[in-house]
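Morning, everyone. I'll take the ligand site and then the salt bridges. Please have a look at the structure.

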Amino acid sequence: MPYDLTGKRIWVAGHRGMVGSAVVRRLASERCEVITAGRDVVDLVDQAAVRAWMAANRPDAIVLAAAKVGGIKANNDFPVDFLYQNLMIEANILQAAHEADVERVLFLGSSCIYPKLTPQPIPEEALLTGPLEPTNERYAIAKIAGIKLTQAYRTQYGRDWISAMPTNLYGPGDNYDLNSSHVLPALLRKFHEAKVSGSKEVVVWGTGSPRREFLHCDDLADALVFLLKAYSGYKHINVGSGIEVTIRELAETIAEVVGYDAKLTFDTTKPDGTPRKLMDSRLLQAMGWRGGRQLKDGISNAYADFLSRKVL
Ligand code: GDP
């Protein structure tokens, strides 16, 4: 340590997703070679295909951002996909990486794999200390297995591989489908639609009082590159912004960014979910990572991307 990225071949697995594409953007300012492989090139669920691709392309490092992801409805409707595909993707990539002597792997977990009821802010030690949220249990079990497998290669084979645990993310390439999206892109879309149609109200689910932490995906990518260069250790590292707001405050900030002052109507027939979800990111901060744009700046950036993609 530190791990010098100069001249390294870095495979960003999952480069079409919100996180993977942010990592590709961030790595463009490093003197490394970024390699990617679309689904048409290698099916990550297919062990033989992953092994063959890895042997032929021999990356020096991997950012493992590939995963089957989705909201509560998708998790409920397709439990096999979330458990099987995620287990296969991570097991195939990690074993093939071991066989190809890959120097560094950065595996990604998610704040939603911590126990349903857990101390706030959530420390790294909270993992596996209690029952999971039932609605995303399959995804969580697969991601926890990925963290444990990454640690196991470190323990059994001395691989310098690490894991990071991002908080709630948003930014370019987010999911704006109101049935499956998270709150930030959902409200961005709702305010935009209200502005376009001239509607006087925006419906916000729940009471507006739950608190959530939000991190822009480009800030996450910056933290991940920082960890790839500077962190070597068994423990997974939380990556949060420390920016925590109520859902009502989030809605007000989004209204400012979109430039449309609609009345907020709280639909309390919809669930609030957990009252608070905040990561304890002191380990990352103690290593020296200070990052992160303000929430309003980050949402402005996401809104510009939303408009440019003509999501609607
Ligand atoms: P969570 O962080 O896993 O609870 O997932 P979400 O991002 O979906 O929801 C966070 C909070 O935002 C919950 O209290 C939701 O009820 C609330 N919320 C308010 N309006 C919306 C909306 O339009 N879509 C979503 N997904 N959540 C909303």
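One term before we start: a polar contact is a pair of N or O atoms within 3.5 Å. Keep in mind that this is a predicted model.

Now the ligand. A nitrogen atom of the ligand sits 2.9 Å from a backbone N or O atom of tryptophan 205. Proline 271 places a backbone N or O atom 2.6 Å from a ligand oxygen. For aspartate 272, a polar backbone atom is 2.6 Å from an oxygen atom of the ligand. On its own the ligand would expose 540 Å², and the protein buries 86% of that.

Who surrounds the ligand? The shell has 14 residues, with Val183, Lys190, Arg212, Pro271 and Asp272 the closest. Eight are nonpolar, two polar and four charged. Helix α6 gives the largest share, four residues. Strand β7 supplies at least two.

On to salt bridges. The structure holds 21 of them. Take glutamate 125 and lysine 235, with their closest N and O atoms 2.6 Å apart. Glutamate 125 is in the loop between β4 and α5, and lysine 235 in the loop between α7 and β10, so this pair ties together parts 110 residues apart in sequence.

Arginine 309 and aspartate 305 meet at 2.7 Å, N to O. Both lie in α10, four residues apart, about one turn of the helix. Buried or exposed, which is aspartate 305? Aspartate 305 counts as buried, because its relative accessibility is 11%, under the 20% cut-off. Arginine 309, at 48%, is partly exposed.

Last, a network: salt bridges link Arg26, Glu30, Asp222 and Lys229.

Conventions: Residues are numbered from 1 along each chain as its sequence is written. This is a predicted model: local features need pLDDT of at least 70, side-chain atom pairs count only at pLDDT 80 or more; totals for chains, interfaces and linings use all residues. Side-chain values use heavy atoms; hydrogens and water are left out. A residue is near a molecule or strand if one of its heavy atoms lies within 4 Å of it. A polar contact is a pair of N or O atoms within 3.5 Å; within protein, one must be able to donate a hydrogen and the other to accept it, and residues adjacent in sequence count only if both atoms are side-chain atoms. Accessible areas come from the Shrake-Rupley method with a 1.4 Å probe; for residues, only the protein chains shown count as cover. Ala, Val, Leu, Ile, Met, Phe, Trp, Tyr, Cys and Pro count as nonpolar, Asp, Glu, Lys and Arg as charged, and the others, Gly among them, as polar. A salt bridge is a side-chain nitrogen of Lys or Arg within 4 Å of a carboxyl oxygen of Asp or Glu. Buried means under 20% relative accessible area, exposed over 50%, partly exposed in between (1.4 Å probe, protein chains only).
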